[in-house]
Amino acid sequence: MLDEPTSGLDPESEAQVLAGLDVLMRGRTVLMITHSMALAGKADRVVVVEGGRVTEEGAPAALLEGDSEFRRLATRQGLLVPTARRARPVPADDALPTMATLLDPALEEHRNEKSR
């Protein structure tokens, strides 16, 4: 049983501990209590507890696919990029030809990928 094994560590130290834990946990049953989504994401099964009650459980990948608290926590910790919500398309404006790119930089990235 591991209780917050990476608590208080900087990202570099956490990565080193995670690498070591990967080796130590292989082939073993491990019960881990953690707030680290990087660590929770390595589990076969996650149980989310809020206010002393189980609110979600399942495989990390399955919980990340849906609208779950696990997904929100992962997003808050910077492990997931929130899905961009696109508004209506920006109308073309001859006076400001780059307006669409200024309002949505992803459009420029998309154009660059298409031209490769």
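Helices (H or I, at least four residues) and strands (E, at least two) are DSSP runs, numbered from the N terminus. This is a predicted model, in which local features need pLDDT of at least 70 and side-chain atom pairs count only at pLDDT 80 or more, while totals for chains, interfaces and linings use all residues. Residues are numbered from 1 along each chain as its sequence is written, and side-chain values use heavy atoms, with hydrogens and water left out.

View 1. Starting at the N terminus, the order of elements is β-α-β-α-β-β-α-α-α-α. The chain has 116 residues, and 19% of them count as buried; here buried means under 20% relative accessible area, exposed over 50%, and partly exposed in between (1.4 Å probe, protein chains only). The accessible surface comes to about 9200 Å², with 54% belonging to carbon and sulfur atoms; such areas come from the Shrake-Rupley method with a 1.4 Å probe, and for residues only the protein chains shown count as cover. A contact means heavy atoms within 4.5 Å. Among contacts between residues at least 6 apart in sequence, 29% join residues at least 24 apart.

View 2. Glu14, Leu18, Leu21 and Met25 are the buried residues of H1. They sit on the same side of the helix, because they cover an arc of only 65 degrees around its axis; the arc is that of the directions from the helix axis to the C-beta atoms. On the other side of H1 you will find Glu12, Gln16 and Val23, which are exposed. The cover over the buried residues includes strand E1 (2-3), strand E2 (32-33) and helix H2 (37-40).

**View 3. The ends of helix H1.** Asp10 caps the N-terminal end, with a side-chain oxygen 3.0 Å from the backbone nitrogen of Glu12. This is a polar contact, that is, a pair of N or O atoms within 3.5 Å; within protein, one must be able to donate a hydrogen and the other to accept it, and residues adjacent in sequence count only if both atoms are side-chain atoms. After H1 comes Gly27, whose phi is positive, near 80 degrees.

**View 4. Asp3 in strand E1.** Asp3 has 55% relative accessibility and so counts as exposed. Ile33 is 30 residues away from Asp3 in sequence, yet their C-alpha atoms are 4.8 Å apart in space.

**View 5. The hairpin of strands E3 and E4.** Strand E3 (residues 46-50) and strand E4 (residues 53-58) run antiparallel and are joined by five bridges; two strands pair if DSSP finds at least two bridges between them. Val46 stands opposite Gly58 in E4. Two residues lie between the strands, and Gly51 in the turn has a positive phi of about 60 degrees.

**View 6. Ser68 in the loop between helix H3 (60-65) and helix H4 (69-76).** With a relative accessibility of 5%, Ser68 counts as buried. Its side chain reaches the backbone oxygen of Leu63 at 2.6 Å. Leaving aside residues up to four places away in sequence, Ser68 touches Glu56 and Leu63.
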